[in-house]
Amino acid sequence: MGNSRAYPVFQTADASAAYTQAKRLCALLAECDDEVGLFAELRTVADVQQMAAVLPEANFDYAHTRTGPAGEDVWFALDVTTADNASLEPHLPLNVMEDVPRGSVEERFVAALGQGVAAIDWHGVWPDEPEADQYGVAQYDGVQVVFHGDKAQLGRWTEHHTVFVHVTNWGDLPRAQKLAAHIGSEVLGEKQLGW
């Protein structure tokens, strides 16, 4: 039970470079789930329209809870694929969160990113390395790239993008160091609470 521990292993101001390094790390997974998790905060109408072209079937929602006159929760109900600019503007910012088949839209997702915080999550299993007393755990292992952020749990906005490796819930610094070295980097900070 509990959350993985996420180690930051790469940071850059170039979203494509962050995505490329994350994919290099994914190639090291002994197993990788068939689905990838996508999340994006959409701050402008252009952001929404670009992401709607990539994820037309996804559920878009308010980035922050909204309430109606009687205190009831209000849900976003416009069709982002057909709504015009004037209709979308008062609803900003929006979020989109979607699981998609691995390899289907990730590159287009990265190309459509705006200035909001976004993430791609690849869950999998790191290979067992009995000689190092390291064993993969499907519940925790994987790779994550956070765009415009430096927190695995998605936090404050930053100019840079951060790649994380996720490991067991008690942490596995030696594995994280080995994974970072594979991409010519090192662990860049303390372990964080992961997924």
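Predicted model: local features only at pLDDT ≥ 70, side-chain atom pairs only at ≥ 80, totals over all residues.
User: What makes a residue part of the lining of a pocket?

Analyst: A lining residue has an atom within 4 Å of a point of the pocket; on a 1 Å grid over the protein atoms alone, a pocket is an open set of points where a 1.4 Å probe fits, with protein on both sides within 12 Å along at least five of seven lines. The largest pocket is lined by 15 residues, and Ala119, Asp121, Gln144, Ala152 and Leu154 lie nearest its centre.

User: Why is methionine 97 called exposed?

Analyst: Exposed means over 50% relative accessible area, buried under 20%, and partly exposed in between (1.4 Å probe, protein chains only). Methionine 97 has 59% relative accessibility and therefore counts as exposed. This residue is found in strand β6. Methionine 97 touches Leu38, Phe39 and Asn59, not counting residues up to four places away in sequence; contact means heavy atoms within 4.5 Å.

User: Are aspartate 133 and histidine 148 buried or exposed, and how do you know?

Analyst: Aspartate 133 has a relative accessible area of 61%, so this residue is exposed. Histidine 148 has a value of 8%, so that residue is buried. Aspartate 133 is found in the loop between β7 and β8 (142-147), while histidine 148 lies in the loop between β8 and β9.

User: What is the phi value of each of these residues?

Analyst: Phi is near 55° for aspartate 133 and near 60° for histidine 148. Both values are positive in a residue other than glycine. Most residues other than glycine have a negative phi.

User: How do you know that β1 pairs with β9?

Analyst: Two strands pair if DSSP finds at least two bridges between them. Seven bridges join β1 to β9 (residues 161-167), so by this definition they pair, in the antiparallel sense. Alanine 6 stands opposite histidine 166 in β9. Strand β1 (residues 5-12) is mostly covered, with six of its eight residues buried.

How values were computed. Residues numbered from 1 in each chain as written. Heavy atoms only, no water. Helix = DSSP H or I, 4+ residues; strand = E, 2+ residues; numbered from the N terminus.
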